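Thanks for coming. I'll keep this short, so please look at the model on the screen while I talk.

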Amino acid sequence: MKSLFKTAVVIGILVSFSSCKDNNSPNYQYMPNMYESVAYETYSESTAFNSPYGLHGKEGQLPPVGTIKRGYVPYEFPNNPAGYEAAKLNSKSPLDSAKIDMVKSQELFEIYCAICHGNAGDGKGRLVTQGKFLGVPNYKDRQITEGSVNHVINFGINSMGSYANQLNQQERWMVAAYVMKLRAQ
């Protein structure tokens, strides 16, 4: 009798615990802000930044006109064929040619450029010899200047993409100087 009673009590406890779980209506949440935080949109309308100009919360979030981010140097030539020709004729390296570290320039060229252009600048890099890319030019066959090379590194041309995110302005000019050295060899 005692064992029957104990079994009934255990079954009753198990049934009562299992009946508390309902997948359709979850239990109470403790600290609900940790589960369901308030979402904020970056440029959503806000009353915190009201202005008399009718910007409705965006004035405090937009940078002033004419500002540039720290460390960024503007590039004055546009990304079009006329900009390429203008950079080819008018753009000069701000670096002193006697003080350019050609070892570092060679390293940058081999990291970013040699995979397609080849270590000698002959257009026979590893991807070209494997047939992944075709039509990579030999530097000696092209009428290029430091300015045009820098322009192409900045914006890319044809199937070559821009390397402005990988190389800062000084490194782009270093690579352009190294390309001109390869062209002269």
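At what angle do helix α3 and α7 pack, and how far apart are their axes? Before I answer, note that this is a predicted model.

Some orientation. The chain has eight helices and zero strands, so the pattern along the sequence is simply α-α-α-α-α-α-α-α. Of its 185 residues, 25% are buried. Among contacts with a separation of 6 or more, 52% are between residues 24 or more positions apart.

Back to the question. Helix α3, residues 81-90, packs against α7 at about 140 degrees, and the axes are 6 Å apart. Angles over 145 degrees would count as roughly antiparallel, and this pair is therefore oblique. The crossing of α3 past α7 is right-handed. On the α3 side, the contact uses Gly83, Tyr84, Ala87 and Lys88; on the α7 side, it uses Gly147, Ser148, His151 and Val152. By type, that contact has three nonpolar residues, four polar and one charged.

Next, the largest nonpolar core. How many residues does this core have? The number is 20, and the residues with the most contacts inside it are Phe109, Tyr139, Ile144, Val149, Val175 and Val179. Three helices each supply at least two of the core residues: α4 (102-112), α7 (146-155) and α8 (169-184). The helix that gives the most is α8, with eight.

Setting aside neighbours within four places in sequence, Val149 is in contact with Ile144, Ala176, Val179 and Met180.

That's all from me.

Methods. Residues numbered from 1 in each chain as written. Predicted model: local features only at pLDDT ≥ 70, side-chain atom pairs only at ≥ 80, totals over all residues. Heavy atoms only, no water. Core = buried A, V, L, I, M, F, W, Y, C linked by side-chain atoms within 4.5 Å. Buried < 20%, exposed > 50% of the residue type's maximum accessible area, 1.4 Å probe, protein only. Helix = DSSP H or I, 4+ residues; strand = E, 2+ residues; numbered from the N terminus. Contact = heavy atoms within 4.5 Å. Axes fitted to C-alpha atoms, helices over the stretch in contact; angles between N-to-C directions. Parallel < 35°, antiparallel > 145°, perpendicular 65-115°, else oblique. Left-handed = near helix turned anticlockwise from the far one by under 90°. Nonpolar A, V, L, I, M, F, W, Y, C, P; charged D, E, K, R; others polar.
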